[in-house]
Amino acid sequence: ASPLGRGLFAGKAVADLNAYAARLGWLPSHPAFDRNPLDLADDAAAAGKDVADYVVDELRAGRLRFAASDPDDPANFPRVLTVWRSNLLGSSGKGHEYFLRHLLGADNSVAAEQCPPELRPAEVAWRDPAPEGKLDLLVDIDFRMTSTGIYADVVLPAATWYEKHDLSSTDMHPFVHSFNPAIPPPWEARTDFDYFSDLASEFSRLADGRLGVRRDVVAVALGHDTPDECAQPGGRAADWQAGEADAVPGRTMPRLTVVERDYPHLAERWRALGPLVEELGATSKGVRLPIGGEVDYLRSRNGTVREGVAAGRPKLDRDDLFCEAILALSGTTNGRLAVAGFEALERRTGVELADLAHERAGDRITYADTVTQPRSVICSPEWSGAESERRRYAPFTVNVERLKPWHTLTGRQHFLLDHEWMAELGEMLPVYRPPLDLLSAFGDLRRPELGEDQLVARFLTPHSKWSIHSEYQDNLHMLNLFRGGPVIWVNDLDARRIGVSDNDWIEAYNRNGVTVARAAVTHRVPSRTVLMYHAIDRHLQMPVSELSGLHGGTDNSLTRVVMKPSHMIGGYAQLSYGFNYYGPTGTQRDEVAVIRRRSQEVRF
């Protein structure tokens, strides 16, 4: 915090601020409460109260708490985790060894001591000893073995891109592509669509006679591009729990939404387009696309469900039919919706926009079209770029050229963020924040028994040098690009001081864990800084560590989760949560590690 701050964070740990953000509705947090949300709805009905009123009364009385205030209570543990096509434990899990210890209860190389009492959270409950192994079941659905698959209880072999129907596009990509099966999924592999469809069927079968139709209380974060951006004006954080404000759902705390869960019919409903799409439309970034004839179009194209709870609804029981629905309900692939969305924006902003999509108002891209060849998308209010047959996508074009207001407090690009948490951090205006001097802060981390030839250095994990976003090094082409396994880049003078030559096996360790790699010695890396490009899987040419006795870890074995409070702010203009767009990120790429030359006789 800034020395000019008011002491809002004094005596608090990051966990305290995260729990604070959850109860003010700034961030989602799951589970939300320390009581089953299905029971909350039943208890409210038994008490003759509105669900929101009942939950607020229970929170005020202290009989109900947000789960984020006591994450180590067994009642709040995540019990089942299904990971689909994501290397959660390898490339994404900042603090990999802590995940192994506390989430999975697996062998790990964490060397850190428990936090001393004076540095523990002030509000979030501290349980000693910390639980190890919160999960009961970890399921991995993937077409390749990753670090996540290594630790999963169940690995379901998945179809690859060339064995299923699917769509591919991004917000910076002017085309929509299809995946098409060149061959059926081999042997026991199945498409992800089939896996989830069958899971839904089996779940529905088990739910019959056990769960029935229930009401679920969902705590929803104050959302970006919704009226929730005006929920907490003035940039002041008022805590209802401390008596600084009334507890009002959707204003000073999360929205409390009741969702009907028809568990025995979950699979039937999952395989059909639901009726709310006509009632509420399709909404993206605050723009409501009116869905009318599209539902009838999908009935004629996909067919309709003949019986059951979804009778008369368009079918979504195959992956290609699901793709058809996605294309029909998006303005980027349905010209009518693009024009209608821009017209809605015109009414709200007072600037002309609909002509951007007029030339393709009659276009409708079908899945069959994308199978024939990639199709150029339609200019749509779902994105901020103006594109046509004569120009390519560039973001924020409509804001600059058409003066569509920016999604900010002022409607303009501006530099001042007057939220009191930004003031507390000294970042109301853009400022230069030099890197933390972690080498001085952590002191000498070297283990004396390992001798003098050890380098204490900043440990950075930048994005990979030879891949795009996601890493697949376990094939001949990728392995031939460099050393064929994990590498840590070390400055040549630093390497000479500790007796390391190029391509030597080295170990890097700190209080968070240990990893093993070959040294790539170069003058291009600054002294006392080492680099290990991220997404190195634990099973890829990874020897057993001399220090831990375990297979050397990933690049994230030496990192931990570090969160910044300013990323948690919500309910205030553009500082509002948006799934996959705005929220906390792990600022983990700055650690301190010790590098040493190990025995060159390695064991895998």
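The legends below describe close-up views of a predicted model.

In this predicted model, local features need pLDDT of at least 70, side-chain atom pairs count only at pLDDT 80 or more, and totals for chains, interfaces and linings use all residues. Residues are numbered from 1 along each chain as its sequence is written, and side-chain values use heavy atoms, with hydrogens and water left out.

**View 1. Helix H3 and the glycine that follows it.** Helix H3 covers residues 51–61; helices (H or I, at least four residues) and strands (E, at least two) are DSSP runs, numbered from the N terminus. Its buried residues are Val-51, Ala-52, Tyr-54, Val-55, Val-56, Glu-58 and Leu-59, where buried means under 20% relative accessible area, exposed over 50%, and partly exposed in between (1.4 Å probe, protein chains only). Among the elements that cover these buried residues are H2, S6 and strand S7 (255–262); a contact of this kind means heavy atoms within 4.5 Å. At the start of H3, a side-chain oxygen of Asp-50 comes to within 3.0 Å of the backbone nitrogen of Ala-52. A polar contact is a pair of N or O atoms within 3.5 Å; within protein, one must be able to donate a hydrogen and the other to accept it, and residues adjacent in sequence count only if both atoms are side-chain atoms. After H3 comes Gly-62, with a positive phi near 80°. Gly-62 belongs to the loop between H3 and S1 and is partly exposed because its relative accessible area is 48%.

**View 2. The largest nonpolar core.** This core has 34 residues. A nonpolar core is a set of buried Ala, Val, Leu, Ile, Met, Phe, Trp, Tyr and Cys residues joined through side-chain atoms within 4.5 Å. The residues with the most contacts inside the largest core are Trp-26, Phe-33, Val-55, Leu-59, Met-253 and Trp-421. Two or more residues each come from helix H1 (14–23), H2, H3, S6 and helix H16 (420–424), and H3 gives the most, with six. Beyond its neighbours within four places in sequence, Met-253 is in contact with residues including Val-56, Leu-59, Phe-66 and Trp-240. In soluble globular proteins, nonpolar side chains tend to be buried together.

**View 3. The second largest pocket.** The second largest pocket holds about 890 Å³ of space. Of the 26 residues that line this pocket, His-30, Pro-31, Pro-37, Asp-216 and Tyr-263 are the closest to its centre. Helix H2 (37–46), strand S1 (80–84) and strand S6 (213–220) each give two or more residues to the lining, and S6 provides the largest share, four residues. On a 1 Å grid over the protein atoms alone, a cavity is a set of points where a 1.4 Å probe fits but cannot get out, and a pocket is an open set with protein on both sides within 12 Å along at least five of seven lines; lining residues have an atom within 4 Å of a point. Grid points are joined across faces, edges and corners, and a volume is the space filled by probe spheres set on the points. The peptide bond from His-30 to Pro-31 is cis, with omega near -5°, and Pro-31 is placed in the loop between H1 and H2.

**View 4. The second largest cavity and Ile-378.** The second largest cavity contains about 80 Å³ of space. Its lining includes Leu-356, Arg-360, Ile-378 and Arg-392. Ile-378 sits in the loop between strand S10 (375–376) and helix H15 (397–401), and counts as buried because its relative accessibility is 1%. The C-alpha atoms of Ile-378 and Thr-333 are separated by 5.8 Å, although these residues are 45 residues apart along the chain. Not counting residues up to four places away in sequence, Ile-378 touches residues including Thr-333, Asn-334, Ala-338 and Arg-360.

**View 5. Helix H5.** Seven of the nine residues of helix H5 (residues 96–104) are buried, so H5 is largely enclosed by the rest of the structure. The buried residues are His-96, Glu-97, Leu-100, Arg-101, His-102, Leu-103 and Leu-104. Their cover includes helix H4 (88–92), strand S2 (137–142), helix H6 (147–151) and strand S14 (513–522). Gly-105 follows H5 and has a positive phi, near 70°.
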